[in-house]
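Reader: I have a structure open and would like to go through it. Can you take my questions as they come?

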Amino acid sequence: MTTKTSLLKVILLGDGGVGKSSIMNRYVTNKFDAHLFHTIGVEFLNKDLEVDGHQVTLQIWDTAGQERFRSLRTPFYRGSDCCLLTFSVDDNQSFLNLGNWKKEFIYYADVKEPEKFPFVVLGNKLDVTERQVSSEEAQQWCQENGDYPYYETSAKDATNVAVAFEEAVRRVLAMDERTDHLIPTDTVKLHRKPRSATTCCS
Amino acid sequence: MVHVYNCHPFASQQIVQVGQEPGLVCCGGGALFVVATGGCKVESYSLEREGCPLICRFATMGTVKSIQHSKIGDYLVTIEEKNSATYLRAYTNWRYQAEEKSRVGVRLLGHLLRGASVGGGVQMEIIEIPLSERPVAVACCPITGDLLVGCENTLVLFTLKTQNQQNLSQQNLQSSWSSTQQNSSQGQTSSQHLSILDFERCVIFHLPKMTPKQVALCGGYVAVQAELEVLVLKLETVSELKTLEESSDTNKSADCVDEQIDFLLIPRHQELLGDRAKDCDLPVSIEKTGLEDRRQYSLSYVLFRRFSPEFFQGCSVEETQLHSLQLYPLYTSNQSVSADDPACMFCFFSLPTAGYLYSLKGGVEPLSTYQYPEKVLEAVLTDHLLHVITKSALQCFTVRCAAVAARIEDPYIDTTMRACPPGNLEVCALRMQLFIGLRSVCVYGRHVILLSTADTEVPDEPERSTQRRGLGRKWTMSSAKETSPAGHGWNIYVVDTVSPFTLYQEMDEYSQRYVETNPQAQSHRHLLSEAHLLLRASLVQMSRQQQDRGGEAAAPPQRDADGPPDNDCSAETTRQELDEAFRHNCALLGDSFSRGSQKDCHLALPYYRMSGLSITEIMSRNRPHPSSPHSFGPGFLFYLKHFLLEETDQTLSQEAADEIVHIFSQSEPSMLVSVCASPAMSHVSPDRTLQILQRLEDTASVSVPMTIAMATMVLRLDDLPQYTQLMERHAEMMLVYGFIEEPRLLLHGGGGGHNTHVRPTALSRQLASSQPGLLVAAMVALHENNKVQLEQADHLFKELSCANSLQVDFWEAMLMASSQDAVIQELLFRLSSVYIDRLTNSDTHSSLTQTTPRRRSLKSADDLISSCSHYGALYPWLTLLSAAHTTSPQHQEALHKLQSLLCGPSLSVGSVVPLLERLSEETMWGFSLHLLCTTRRGQYGSSIEKLLDRCPQAIIAFANHQLQDEHMPLWWQKLLPELCKRTRASPDNSILLAALKETLVVVAMEMSPAEFLELIPDDGAASYFLPHLMTCTQRHLLAN
Ligand SMILES: Nc1nc2c(ncn2[C@@H]2O[C@H](COP(=O)(O)OP(=O)(O)O)[C@@H](O)[C@H]2O)c(=O)[nH]1
Ligand SMILES: [Mg+2]
């Protein structure tokens, strides 16, 4: 008997420095490195896990938050099953940018029904004492934007990291059981790629 | 017909320990890649280490539908599905994914921004390659690493671009520390792939009327396979102007074909080779897409093959589908590894019932058809074997690639020098190996990797059902996580094939057993030919490996993945062993052709040559059993004749030579004379041979060469009387004809053209002393019949150590016979110098002390003057000059011959003037020669003066002979005034006065009285001239 595993693509978005790479590292390798290199473009890691009796391979995509890497990261939004919008509780600007990240994702991922798409919001660096964003503010934003689950995490001391990913999985599974939520296209269309060098892609 | 031989192509088998059920398998770069069914994980195992240990494991981004490894660039390319969308991806630096938990970089084609991963060390990267159509099939070029993608109606060609990482790292990280780090790590392991890969879309092929199922790419050759069609194209870069026209042409033709679609044609069986393939009704146009690519491309058709579904019985129409398309390059042993252009290119494809192999270079031609005994699922071509799998067996067939490569490599194959079995030699099947439920096969070097699943479900079935059910995911409960390795019905086997050399050895043994039972059978020869081709394949393989090893340091890094295709043969077999085996096999093939029928018997010669066996060894191999009535085969006789007729330095022993005489007296007596005349036969025993020749003469009619051959034998027996008797049986002229028929009775060597030296035979030596005239006549005849060059004949006479005598006689005789102007001039010059030599030699030594009493020339001066046009009659005035001296007859002879040449019409006087300068004018004969020269050169004035100085008594004879016609005026312009001048100085000189008188008679005859008067000197006695003036006047009056 062979074991069928399903592959879920989860993407981490948010400003540079909020701790996306740290969260992924914490979750997959259970380590924290205070001197992590900046992410350039896009990277991913797979992690097998079991949620509510379902065997799942989570493909976690880490992205570079800086504006200059936009063209390198946006082509890979497509096909995501869940998006983790991340900010840092000690950086108000990163919180204010959440809306932009959501918009960028919905646009490039070509989500057909954005209001139904599973987003999860993470407020990272919970361990830091000087907070700039309060729990209430964050929760309110989540409420207003589509009732997204909100987790306050710390990659440094591992608070809530696994819980957040498991919630993401649950969201996806729930979506799946409800409906065939999107009609996929047959091919990868990259016509929004700014440098359309090739003639066949139009 | 497929021969089946019970040889064992497989050496060993092992099972790869794979955890999860494999869905897809591919191999390359020393690794085996296994994709779990429906999974998103690739495991790679080392094929180069015992037990195939796991190298690494990495995740893919989607469900892999197809996977290929490129040896150039060491990348993997996949077609993947996720949420029913299809993706094309390339996985690079996969070897760095040692820990599964390291991050994998992802970038889009053309978005090469990162250099060395900043995170430290090399990182695995995935290149996402966007396409506008769904990819169906992929192929990587084994020469360039370029990528060809087959989509619904197009093929897209991507060129591989590599960027040296060291450069990048220096750009990105300016710290000197990191760059030295890079350098040192590069130095440590050459297998590290430090270049960063990217692809550039360069050409799109539009194939509106074809639906690709498989594609192949190799060195500019592009092959596409649809269900029942195969099309091979060649893409070449050309100069800019030319293609612009051409590409617009192809576009046009594509357009007009578009208009006439919508015909429903029942496909016919069709095979179009080379240029003719463009007549297939499949239009192809190319579109250039590379941005920075300044090159222009042109497309040509190479091969088209179409099968009609009903063409094959035994398979249902649905089953009748092509598979296993392959383009296969082969480098010959003299090609360097870095050569991008392989000497041979093959194309293979297969139906379930038969496989087809074509050679594409040097003229497209079908090479072999493989008729399978059972339905074949997949086939893979290698250097020397074709591996096929059926549902239940792995089977090998031999291939003919080595025969094609050998002919491309060596132009002397198919000549008398070297041979090789033909490329269309029937293929053979070797022993098969049984398996249960085979699914797929791939090959890396000597490793054949098989995937078997006992369960009969088609591997891609689960994905199909997924598609049918829309997006429903198949969830599996975690409790079902019980992949017990014991109970699974699947396996991956690595079956190692034996080296071609080992296979050769088995065939060789097999053939030896075979020959004992049935030596004449065609199958035995087939087996030997088969073994021969295996050896040639081994030799090519070995020299490639030696080059690989030699060129390792210089090889570009991406070549490192290009592991040795077969590493056992180098370890176990040395070059020497291979060469030894090759000679052994050639000897056996030589035997086979030497004993076989008339057909192809000539092949005994090149195979024996390649075997390196001596003629005596070959003779002993062909010695018939004393018991059997079996005679000598035509191939053996052909070989012997060639050996004996050709110039060899080898002289056979008496036994061997006698045996040859025996063989020919039995099998081909008409050849005996030329056999005996061969230089190799000089030790043949004369009495035995004489007997055989005599017996032959008794049965056949008498022939001149036969008589001469017998005379040669008698001569060796020192029986001069019998020799003379034999030679007198025929007139000299007949003997000359005999020598023309068989020149080797007189001379050996010289078969190789101008510069090869010839040697006289014993008969020649005898003739030189007893019948020199015959020898000279024979040599002249040989020369005139182009059997010998002038230099060779000269050499022969020198060898006979009678230089300047017979050689000169030969030249004189040649002058008589030859009609070639160049030869005549050469001979005239040589003879003149010989005569001058003789004159000076006998001049310096008195004729009494002459050391060698010289034999008389065959032809005297008088003989030559009367029979040879180049020797002129001596001018009458010369006799007056030579009367005075007394020298030896030889001297006299030489003088007359030289004078005669100078009097003759052919000698160009200018050419001998420098030679004559050696002769003094003191002697009268010397003077005569110089005078002849000046006269011949038209310097009459000075001749007259000189003659009057030295020998005035000859002047009138001279003037009468020379001063005629246009030179007539010299009588009065030069001779008369000279004589007047000289008689005035010495009035009592009766010779001069007589000459003057004679001159006046002539002048009076020729001139008018008035002119005559003018000539009379003022101071002269009028009475002296008066009678002549009278004669002149009277003659004049009479004339009027
Ligand atoms: N104190 C604290 N620092 C964190 C935490 N997560 C990340 N950091 C630090 O924040 C910086 C940026 O983190 P990184 O993971 O690279 O952010 P990214 O740009 O979003 O990937 C690094 O110096 C991390 O050490 C956290 O939970 N607590
Ligand atoms: Mg990061």
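Predicted model: local features only at pLDDT ≥ 70, side-chain atom pairs only at ≥ 80, totals over all residues.

Reader: Start with ligand 1. How many residues surround it, and which are the closest?

Author: The shell around ligand 1 has 19 residues. The closest are Gly17(A), Lys20(A), Ser22(A), Asp127(A) and Ala155(A).

Reader: What is the make-up of that shell, nonpolar, polar or charged?

Author: It divides into six nonpolar, seven polar and six charged residues.

Reader: Which element gives the most to it?

Author: Helix H1 of chain A, residues 20-29, gives the most, with three residues.

Reader: Which backbone atoms come up against oxygen atoms of ligand 1?

Author: Gly17(A) has a backbone N or O atom 2.6 Å from a ligand 1 oxygen. For Val18(A), a polar backbone atom is 3.4 Å from an oxygen atom of the ligand. Lys156(A) also places a polar backbone atom by a ligand oxygen, at 3.2 Å.

Reader: How much of ligand 1 does the protein bury?

Author: The protein buries 83% of the 570 Å² that ligand 1 exposes when taken alone.

Reader: Now the magnesium ion, ligand 2. What are its protein donors?

Author: They are Ser21(A), through OG, and Thr39(A), through OG1, lying 2.1 Å from the ion.

Reader: Where do those two sit in the chain?

Author: Ser21(A) is in helix H1 of chain A, while Thr39(A) is in the loop between H1 and strand S2 (42-51), so the pair ties together parts that are 18 residues apart in sequence.

Reader: Are they buried or exposed?

Author: Both Ser21(A) and Thr39(A) are buried.

Reader: Switching to chain B. What is it built from?

Author: Chain B has 34 helices and 35 strands. It has 1040 residues, and 54% of them count as buried. It exposes about 45400 Å², with carbon and sulfur atoms supplying 51% of that area.

Reader: And how far along the sequence do its contacts reach?

Author: Take the contacts in chain B between residues at least 6 apart in sequence: 66% of these join residues at least 24 apart.

Reader: I was looking at Trp811(B). Where is it, and is it buried or exposed?

Author: Trp811(B) lies in helix H22 of chain B, residues 806-817. Its relative accessible area is 7%, and the cut-off for buried is under 20%, so Trp811(B) counts as buried.

Reader: What does it touch?

Author: Leaving out residues up to four places away in sequence, Trp811(B) touches Asp794(B), Leu827(B), Arg830(B), Leu831(B) and Val834(B). As for Ile824(B), 13 residues along the chain from Trp811(B), the two C-alpha atoms are separated by 9.3 Å.

Reader: Next, helix H18 of chain B. Which of its residues are buried?

Author: In H18, residues 732-741, the buried ones are Leu735(B), Val736(B), Gly738(B), Phe739(B) and Ile740(B).

Reader: What covers them?

Author: The cover includes helices H16 (704-716), H17 (720-727), H19 (762-770) and H20 (772-784) of chain B.

Reader: Last one, Asn622(B). Where is it?

Author: Asn622(B) is in the loop between helix H11 (615-621) and helix H12 (634-645) of chain B. It is buried, with a relative accessible area of 6%.

Reader: What does its side chain pair with?

Author: The side chains of Asn622(B) and Ser594(B) are joined by a polar contact of 2.6 Å. Beyond four places away in sequence, the residues that Asn622(B) touches include Asp591(B), Arg595(B), Tyr608(B), Phe632(B) and Phe636(B).

Key
Residues numbered from 1 in each chain as written. Chains lettered and ligands numbered in written order. Heavy atoms only, no water. Near = heavy atom within 4 Å. Polar contact = N/O pair within 3.5 Å; in protein donor to acceptor, adjacent residues only side chain to side chain. Areas by Shrake-Rupley, 256 points an atom, 1.4 Å probe, with all protein chains shown as cover. Helix = DSSP H or I, 4+ residues; strand = E, 2+ residues; numbered from the N terminus. Nonpolar A, V, L, I, M, F, W, Y, C, P; charged D, E, K, R; others polar. Buried < 20%, exposed > 50% of the residue type's maximum accessible area, 1.4 Å probe, protein only. Contact = heavy atoms within 4.5 Å. Donors = N, O, S within 2.8 Å, 3.2 Å for Na, K, Ca; no water.
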